[in-house]
Amino acid sequence: MEISTLNTATLLQKDKKLEKKVNAFRGLLKELRERELPESVIISINDHIKEVNALTSSKKAFSKKITKKKSCIINLLHKELKLVPKNYYRNLWMVLGMSAFGLPLGVVFGTIIDNMGLLGLGMPIGMGIGIALGTMMDQKAQKNNKQLDFAG
């Protein structure tokens, strides 16, 4: 079974933002066509593509739908096959590092120095920790051929 194609010829008239989103979606589909995927995953991906192809009413609705469906496909690939786009873990862990490591570190600094204005000091430290952890996970995914050659 093969992955369906995206039909968007009528909606791309002079809209650079929408064209960029469509090209990113097509890049994802192109990368997926080059991989061996289970039939159940291909069927799910084709269902998402059919939903996008069925929508031709407005550019705004189409833009929202294509963004949502690209995210759904990436989540499906991550959940089912552990496939992720480039920098997936880095972007995920940057946010987690700021919240899981940065805020507690900021509270510790603020408490030690007795100035809670330093609460934000831990955020860049946590962001750095998160980026480092995420980059290591991205490198591991690339080494195990679980990374899509596609920047989400």
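This is a predicted model: local features need pLDDT of at least 70, side-chain atom pairs count only at pLDDT 80 or more; totals for chains, interfaces and linings use all residues.
Let's start with helix 5. Helix 5 runs over residues 122–143, which makes 22 residues. How far apart should its ends be? At 1.5 Å a residue, helix 5 should span 32 Å. In the model, its end C-alpha atoms are 32 Å apart, so the two values agree.

Now look at which residues of helix 5 are buried. They are Gly122, Gly126, Gly130, Gly134, Asp138 and Ala141.

What do the buried residues of helix 5 pack against? Three elements: strand 1 (84–85), helix 4 (88–113) and strand 2 (147–148). Now turn to the other side of helix 5. There, Met136, Gln142 and Lys143 are exposed. One more detail at the end. Just after helix 5, Asn145 takes a positive phi of about 55°.

Next, go back to the start of the chain. Find Thr8. Thr8 lies in the segment before helix 1, and helix 1 covers 16–33. Is Thr8 buried or exposed? Its relative accessibility is 3%, and the cut-off for buried is under 20%, so Thr8 counts as buried. Which residues does Thr8 touch, leaving out those up to four places away in sequence? Val22, Arg26 and Phe62. Thr8 and Glu19 are 11 residues apart along the chain, and their C-alpha atoms are separated by 9.4 Å.

On to charges. How many salt bridges does a search of the whole structure find? Four. Here are some of them.

Take Glu31 and Arg35. Their side chains meet in a salt bridge, at 3.5 Å from N to O. Glu31 has 10% relative accessibility, so Glu31 counts as buried.

Now Lys65 and Glu51. They form a salt bridge too, with the closest N and O atoms 3.8 Å apart. This pair links distant parts of the chain: Lys65 is in helix 3 (residues 59–81), Glu51 is in helix 2 (residues 39–54), and they are 14 residues apart. Lys65 is partly exposed, with a relative accessible area of 24%. Glu51 is partly exposed as well, at 36%. Glu51, Lys65 and Lys69 are linked in a network of salt bridges.

Then there is Asp149 with Lys86. Their side chains meet in a salt bridge at 2.9 Å, N to O. Again the pair links distant parts of the chain. Asp149 is in the segment after strand 2, and Lys86 is in the loop between strand 1 and helix 4. They are 63 residues apart. Asp149 has 54% relative accessibility, so Asp149 counts as exposed. Lys86 has a relative accessible area of 38%, so Lys86 is partly exposed.

Last stop: the surface. Which residues make a nonpolar surface patch of about 290 Å²? Phe101, Leu121, Ile125 and Ile129. Pick out Ile125.

How values were computed:
Residues are numbered from 1 along each chain as its sequence is written. Side-chain values use heavy atoms; hydrogens and water are left out. Helices (H or I, at least four residues) and strands (E, at least two) are DSSP runs, numbered from the N terminus. The expected span of a helix is 1.5 Å times one less than its number of residues. Buried means under 20% relative accessible area, exposed over 50%, partly exposed in between (1.4 Å probe, protein chains only). Contact means heavy atoms within 4.5 Å. Patches are made of residues with over 30% relative accessible area and no salt bridge: like charges are joined within 9 Å, nonpolar side chains (Val, Leu, Ile, Met, Phe, Trp, Tyr) within 5 Å. Accessible areas come from the Shrake-Rupley method with a 1.4 Å probe; for residues, only the protein chains shown count as cover.
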